[in-house]
Amino acid sequence: KIYANEGRGGGRSRRSSGGGRSTKDQAAENEQKNLELNIQYLRLTGQEVKANLTDVESRYNRMIAEFQKAGNVDGINLIKKILPLEQAKVQIDGVQAEINKLYQNLSAQEQNINAQVQTGLISHLEGQRQLKDVYAQTVEEIEKQLPLLERLAKMPGAQGEQARVMMEQMKLKITELKSAGNDLEKAFKDG
């Protein structure tokens, strides 16, 4: 019986004597699980860019912590060069996804308005008015993306180039939509 009690007690004492490390490990594990849950929550609530940024930043921050412990200065310096580029890529991808959604929504609204005009649910003039409103709303949403793209366009390398190209495409689309809206406005005035 003494041996059995010592075995059980010994197991407990080993856990508690290593408690500092075990508690530290548990805290790190909990922190990682909380981070994963937060990322999942962000994705489920439609905040994909924020989720991806959090994921990238946490991954590199873990590497930085490991490299600091190991004294890997070269690795830390590389991460400091890579992280902003990764962040820019995530943001550019997010802008592209947002723009794609805007264009899909624009197309769907145009089709819906045209179908309503063709079936006689709304007049041709009302259809033109609705299209003008849709174009104005789309321009407004596209313009919201420009400040971020302007900042990202200043980045070096592929990310900066991608942001510059995307920004030019968006400016062309804005011009196209404003022109179409102006043409519709002129059609209203002309009757």
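Pockets were located on a 1 Å grid over the protein atoms alone, a pocket being an open set of points where a 1.4 Å probe fits, with protein on both sides within 12 Å along at least five of seven lines. Residues with an atom within 4 Å of a point count as lining. Grid points are joined across faces, edges and corners, and a volume is the space filled by probe spheres set on the points. The model is predicted, so that local features need pLDDT of at least 70 and side-chain atom pairs pLDDT 80 or more, whereas totals for chains, interfaces and linings use all residues. Numbering runs from 1 along each chain as its sequence is written, and side-chain values use heavy atoms, without hydrogens and water.

The largest pocket holds about 330 Å³ of space. Its lining consists of Ala-28, Glu-31, Gln-32, Leu-35, Ser-58, Asn-61, Arg-62, Ala-65, Glu-66 and Lys-69. Two or more of these residues come from each of helix H2 (19-44) and helix H3 (48-70), helices being DSSP runs of H or I of at least four residues, numbered from the N terminus. H3 contributes the most, with 6 residues. By class, the lining comprises 3 nonpolar, 3 polar and 4 charged residues (nonpolar: Ala, Val, Leu, Ile, Met, Phe, Trp, Tyr, Cys and Pro; charged: Asp, Glu, Lys and Arg; polar: the others, Gly among them).

The second largest pocket holds about 220 Å³. Among its 14 lining residues, Val-49, Gly-94, Val-95, Ala-97 and Glu-98 are the closest to the centre. H3, helix H4 (73-118) and helix H5 (124-153) each give two or more residues to this lining, with the most, 8 residues, from H4. The lining of the second largest pocket has 5 nonpolar, 5 polar and 4 charged residues.
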